[in-house]
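Please open the model in a viewer and keep the sequence at hand.

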Amino acid sequence: MASILNDIPLNASAHDVWDAVRDFGALHQRLVPGFVTACTLDGDARIVTFANGSVAREVLVDCDEARQRLVYAINSERLKHYSASVQVIAESEARCRLVWIIDMLPNELAAYVQGQTEEAVVAMHKAFPSAAA
């Protein structure tokens, strides 16, 4: 099973980043605008449209307010297994880390998914720009 880890430093408070992460239906507006172009809620899932045209149905597994951790899964024909967690960890009043871990099968798709996560990280940095920028 492939495991993809992104440990992303952000120049924003953990409170602000967590508020965007936990807003499950606003992914395209608050956390990764531009990378995700549309997101609609469908019960306990969100239908996500990516900038490259692909669409995924992400099911909310858990949203833990105390640990600032959200877990979601994708079930599709191409992916035999896809489980991801996103956790926000405060480093100071104005800085945090977003730890995004994806466990997936088949392994052959890991390079593609890793490339997509790199684009998502760029979008996150744009959503939470440095105060000095």
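This is a predicted model: local features need pLDDT of at least 70, side-chain atom pairs count only at pLDDT 80 or more; totals for chains, interfaces and linings use all residues.

Two strands are said to pair if DSSP finds at least two bridges between them.

Select residues 55-64, which form strand β4, and residues 69-74, which form strand β5. The two run antiparallel and are joined by six bridges. Which residue of β5 is the bridge partner of E58? Highlight I74, for this is the partner in question.

Now extend the selection to the seven strands of the open sheet, whose order is β1-β7-β6-β5-β4-β3-β2. Their pairing is antiparallel. At the edges are β1 (2-10) and β2 (36-42), each of which pairs on one side only. On average, neighbouring strands of this sheet are turned by 25° against each other, with direction ignored.

**The helices on the sheet.** Select residues 14-22 to display helix α1, which packs on the sheet. Helix α1 touches β1, β4, β5, β6 (81-90) and β7 (96-105), and its direction makes about 155° with that of β6. Next, select residues 110-127, helix α3. This helix lies across β1, β6 and β7 and runs at about 10° to β1.

In soluble globular proteins, nonpolar side chains tend to be buried together. Here the largest nonpolar core has 41 residues, and L98, W100 and M104 have the most contacts inside it. Helix α3 gives the most to this core, with six residues. Centre the view on L98: among the residues that L98 touches are I8, L10, V17, V21, V86, V88 and M124.

**A histidine in α2.** Select residues 27-31, helix α2, and find H28 within the helix. Is H28 buried or exposed? The residue counts as buried because its relative accessibility is 18%, and the limit for that class is under 20%. The contacts of H28 include P33, G34, V36, T37, A38 and C39.

**The largest pocket.** Finally, display the largest pocket, which has a volume of about 560 Å³. The pocket is lined by 30 residues, of which F50, A56, E58, I74 and Y82 are the closest to its centre.

Definitions and conventions
Residues are numbered from 1 along each chain as its sequence is written. Side-chain values use heavy atoms; hydrogens and water are left out. Helices (H or I, at least four residues) and strands (E, at least two) are DSSP runs, numbered from the N terminus. Axes are lines fitted to C-alpha atoms, for helices over the stretch in contact, and angles run from 0 to 180 degrees between N-to-C directions. Contact means heavy atoms within 4.5 Å. A nonpolar core is a set of buried Ala, Val, Leu, Ile, Met, Phe, Trp, Tyr and Cys residues joined through side-chain atoms within 4.5 Å. Buried means under 20% relative accessible area, exposed over 50%, partly exposed in between (1.4 Å probe, protein chains only). On a 1 Å grid over the protein atoms alone, a cavity is a set of points where a 1.4 Å probe fits but cannot get out, and a pocket is an open set with protein on both sides within 12 Å along at least five of seven lines; lining residues have an atom within 4 Å of a point. Grid points are joined across faces, edges and corners, and a volume is the space filled by probe spheres set on the points. Lists of a residue's contacts leave out its neighbours within four places in sequence.
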